[in-house]
Number of protein chains: 2
Amino acid sequence: MRRYLGTALVIAVLIGAGAAMFYSRPSPSQAQQSSGAVFNPDGKMKLPTGYREWVFVGAPLTPNALNSGKASFPEFHNVYVERKNFDAYQKAGKFPEGTVLVKELVLLQKPTFPDGSQQAPSGRGYFEGDFNGMDVSVKDSKRFAGTNGWGYFTFGHHALPYEQTAAESSIEECAGCHIGNVAKTDMTYVQFYPVLRGSQQTTAKR
Amino acid sequence: MRRYLGTALVIAVLIGAGAAMFYSRPSPSQAQQSSGAVFNPDGKMKLPTGYREWVFVGAPLTPNALNSGKASFPEFHNVYVERKNFDAYQKAGKFPEGTVLVKELVLLQKPTFPDGSQQAPSGRGYFEGDFNGMDVSVKDSKRFAGTNGWGYFTFGHHALPYEQTAAESSIEECAGCHIGNVAKTDMTYVQFYPVLRGSQQTTAKR
């Protein structure tokens, strides 16, 4: 009987392993490459991928027409965070180490009015045109100790394709503005992202 | 021996089933309830859940100030689609049966200028305030044969919480406007969603 029980166990393990392999396969969309913060040996960051399927948190818009033609970012700023870090923020109210925030810039569609707006079936307003750049911030308290634990990277402010790698931006280029938020919101602009901001998400039917 | 093999198979199946249950457990974020199109027996649709973690496709904005104070939707329109149907669209260029598009309305933050804009560190512009309503469209060619295969539902145009169920909106309320797009874009406004529109997504580093 011991021999048969041995056989039984071998069969059991094989079936179990087979089932485990089958059920643990990534779904088709998980299988698409998605990357957060990946650094080359020289310290340059690799262009994140898959970010348009991360969790969207907000889309600030500062048109050139409202900024004397000199907006730093005259496009929609579509902001995304990886699901695991979004979930962590929802639980703890702060971003964990390794969090990547992606801000993709999206041009306004062919404006027809001086304020940059256009006429559409739903009314006069602002609508997303072509992708036009990508900025990224990464929380890594050791690597970016000099800028309150966040590093800033620009993969181009232009049409696709973006740069494949980026060196850390200077304090003047990025961190300088974010430092104004260090005490209240940990170098981020969560005050503009309703799903992260304040307490209202606790009542949201997510 | 036959008896022992029988025992072996029972053990094997039990272990296999256990492994399958273990490995098919949803991840913590999948475990959060997420629903697409769920209808009650009376035909009312249930409020979708989990949609803020679906794939974001665009955020049109038609402020009241640019529409003589009478915009139909004076808020940001954050539009989301379920990942599986987003993936299907990317492959086939059309939405499969069962697709749900969620449009969540988000108020502008405390405007400080007549055009509804405010001053922020990144410039003068529009920033997302409080959630203020939810409209949903569902593709179901049989159920909504009278409106080109899409049904439209409004779960409230007001602050949270939204209604838990909604009856199909009248053609005058919703479908009437979308019918203008039936030939080109299957009743949707994908022309305003860069990640779905045209061919540029083929070159995007997603």
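**View 1. Confidence along chain A of the predicted model.** Chain A has a mean pLDDT of 84, with 80% of its residues reaching 70 or more, in what is a predicted model. Within chain A, the highest mean confidence, 98, belongs to strand S9 (residues 165-166), whereas helix H2 (residues 28-31) has the lowest, with a mean of 45. For the complex, the predictor gives an ipTM of 0.80 and a pTM of 0.81.

**View 2. Two stretches of chain A with pLDDT under 50.** Over residues 20-31 of chain A the pLDDT stays under 50, and the model has ten contacts for this stretch beyond four places in sequence. Residues 199-206 of chain A also have a pLDDT below 50, and for them the model has 26 contacts beyond near neighbours in sequence. Where pLDDT is low, the predicted coordinates should not be read in detail.

**View 3. Helix H3 of chain A and the residue just after it.** Helix H3 of chain A spans residues 83-92, and its buried residues are A:Asn85, A:Phe86, A:Asp87 and A:Tyr89. Just after this helix comes A:Gly93, which takes a positive phi of about 75°.

**View 4. Two cysteines of chain B, B:Cys174 and B:Cys177.** A search of the whole structure, over all chains, finds zero disulfides. B:Cys174 is in no disulfide, and the nearest cysteine sulfur to its own, that of B:Cys177, lies 8.6 Å away. Because a disulfide requires two cysteine sulfur atoms within 2.5 Å, the 8.6 Å from the sulfur of B:Cys177 to that of B:Cys174 is too far for a bond. B:Cys174 counts as buried because its relative accessibility is 16%, while B:Cys177, at 55%, counts as exposed.

Technical notes: Residues are numbered from 1 along each chain as its sequence is written. Chains are lettered from A and ligands numbered from 1 in the order in which they are written. This is a predicted model: local features need pLDDT of at least 70, side-chain atom pairs count only at pLDDT 80 or more; totals for chains, interfaces and linings use all residues. Side-chain values use heavy atoms; hydrogens and water are left out. Buried means under 20% relative accessible area, exposed over 50%, partly exposed in between (1.4 Å probe, protein chains only). Helices (H or I, at least four residues) and strands (E, at least two) are DSSP runs, numbered from the N terminus. pLDDT is the predictor's confidence in each residue, from 0 to 100. Contact means heavy atoms within 4.5 Å.
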